[in-house]
Amino acid sequence: MLNPPKTPPPFSPITPNSSYSRKFHSSSLTIVEWTHKRDTTTYPVKSHLCGLTRIKYTQTLSIKSSISPKPTKTTIPTTDCGLKFREKLLYLEQLKINPTKALQQNPNLRSAHLETIKSVEICLNSMGIERSAIGRILDMHPKLLTSDPYTDLYPIFDFLLNEVAIPFNDIRRCIIRCPRILVSSVEKQLNPTFQFLKEFGFSGSNSITCQTAVLLVYSVEHTLTPKIDYLVSLGIARNNVVSMILRSPGLLTFSIEKNFKPKVEYLLKEMDRDVGELKKFPQYFSFSLEGKIKPRHKLLVEHGFTMSLSEMLKVSDGEFYARLIEMRLRLVENKQLLYVKLGTCFVP
């Protein structure tokens, strides 16, 4: 073992260019230790502790060795990150947004500044959307909470106002009807679909409105074109399909497997009707098969009556039953008149 020198190395002023280096500074006690490097030996030169001077020596075998300072205590910053996070959660709850769901679907929300989230609310509010509706929209699409209004949202509003030509006062209803518009890309989704719909016939008096703007979020290739092709496959001419869709744009929002096919099958097999009736009343697909179409058709069959699809479905339950009773009464009256006529024929 190497022994320490008999005398300490001389003290010298510490300058930036000297061979001394400061080791650490404690926040609770001022402990200053300086080391003087001499060849491969490191000498702690002087230590001040609570005003008392003490000298100690150590010796190492390599210049790479040094005295490791004790871990310093981290001073808690005045800005409490936990407090800011709680403020963020409180803000979400005030908007009636589920914080757990929002954090799961948008992990970036955890590190986002509260001001960033508030800027989204300010943006939506500037378009006439009230706070209660903003909360519902953001709860449905938590991705919006960390969006940049100027790069993500205002370009969408600009597209709706200037390209689609939806009036400013209708923007609110447009977004509330279909919040998904706000998470759709103008270049990749909204504009390509808009151009397709314009070529299809949604122009002039049939232009896209706040009620039909929902069609903008559908894929041309995977959603709109297959539905149009299915209706054509039923034997309906394409120009008639175009007319049907322009009269009832909701057709493009219905599922082929869950809506079109079962209702067409029931119309042709159970109701024994022709697809030609669909051209006259395309709204047939918007009514519930189990809740309205089947029950009303069965009642008509039981009483031996027939109605057009529009007469059978467009009216309320009360009006439908009133018409049914009226038809039954008329049937009874006609039978009575027939008996009277038959009776007079046999009178001598």
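Reader: What is the mean pLDDT of the protein, and what share of its residues reach 70 or more?
Author: This is a predicted model, and pLDDT is the predictor's confidence in each residue, on a scale from 0 to 100. The share of residues that reach 70 or more is 72%, and the mean pLDDT of the protein is 80.

Reader: Over which residues does pLDDT stay under 50, and how many contacts beyond four places in sequence does the model have for them?
Author: The stretch in question is residues 5-71, where pLDDT stays under 50 and the model has 100 contacts beyond four places in sequence. Over residues 73-78 the pLDDT is also below 50, and beyond near neighbours in sequence this second stretch has one contact in the model. For the stretch you asked about, then, the answer is residues 5-71, with a contact count of 100.

Reader: How many helices and strands does the protein have, and what percentage of its residues is buried?
Author: The secondary structure consists of 14 helices and four strands. Among the contacts with a separation of 6 or more, 55% are between residues 24 or more positions apart. Of the 348 residues in the protein, the buried ones make up 36%.

Reader: Which helices do the buried residues of α4 pack against?
Author: Helix α4 covers residues 131-140, and its buried residues are A133, I134, G135, I137, L138 and D139. An α-helix has 3.6 residues a turn, so residues three or four places apart point the same way. The partners of the buried residues of α4 are α2 (99-105), α3 (114-126) and α6 (168-177).

Reader: Is A133 buried or exposed, and how far is its C-alpha atom from that of L95?
Author: A133 belongs to helix α4, and A133 counts as buried because its relative accessible area of 1% falls under the 20% cut-off. A133 and L95 are 38 residues apart along the chain, yet their C-alpha atoms are separated by 9.1 Å.

Reader: Why does I166 count as buried, and which residues is I166 in contact with once neighbours within four places in sequence are left aside?
Author: I166 is found in the loop between α5 and α6, and I166 is buried because its relative accessible area is 2%, which is under 20%. I166 and T209 are 43 residues apart in sequence but 6.1 Å apart in space, C-alpha to C-alpha. With neighbours within four places set aside, the contacts of I166 are L160, L161, I171, C174, I208, T209, C210 and A213.

Reader: Which residues touch the most other members of the largest nonpolar core?
Author: This core holds 83 residues, and L160, I181 and Y284 touch the most other members. The element that gives the most to this core is α7, with six residues. Not counting residues up to four places away in sequence, I181 touches I156, L160, C174, I175, L190, A213 and V217. The names asked for are therefore L160, I181 and Y284.

Reader: Where does K96 lie, and why does K96 count as exposed?
Author: K96 has a positive phi of about 65 degrees although it is not a glycine. The place of K96 is in the loop between α1 (81-94) and α2. K96 counts as exposed because its relative accessibility, which has to be over 50%, is 71%.

Reader: Which element gives the most residues to the lining of the second largest pocket?
Author: About 280 Å³ of space lies in this pocket, and of the 15 residues that line the pocket, the closest to its centre are K143, D152, L182, V183 and S184. The residues of the lining divide into seven nonpolar, five polar and three charged. At least two residues of the lining come from each of α5 (149-163) and α7 (186-200). The element that gives the most, with five residues, is α5.

Methods: Residues are numbered from 1 along each chain as its sequence is written. This is a predicted model: local features need pLDDT of at least 70, side-chain atom pairs count only at pLDDT 80 or more; totals for chains, interfaces and linings use all residues. Side-chain values use heavy atoms; hydrogens and water are left out. Buried means under 20% relative accessible area, exposed over 50%, partly exposed in between (1.4 Å probe, protein chains only). Contact means heavy atoms within 4.5 Å. On a 1 Å grid over the protein atoms alone, a cavity is a set of points where a 1.4 Å probe fits but cannot get out, and a pocket is an open set with protein on both sides within 12 Å along at least five of seven lines; lining residues have an atom within 4 Å of a point. Grid points are joined across faces, edges and corners, and a volume is the space filled by probe spheres set on the points. Ala, Val, Leu, Ile, Met, Phe, Trp, Tyr, Cys and Pro count as nonpolar, Asp, Glu, Lys and Arg as charged, and the others, Gly among them, as polar. A nonpolar core is a set of buried Ala, Val, Leu, Ile, Met, Phe, Trp, Tyr and Cys residues joined through side-chain atoms within 4.5 Å.
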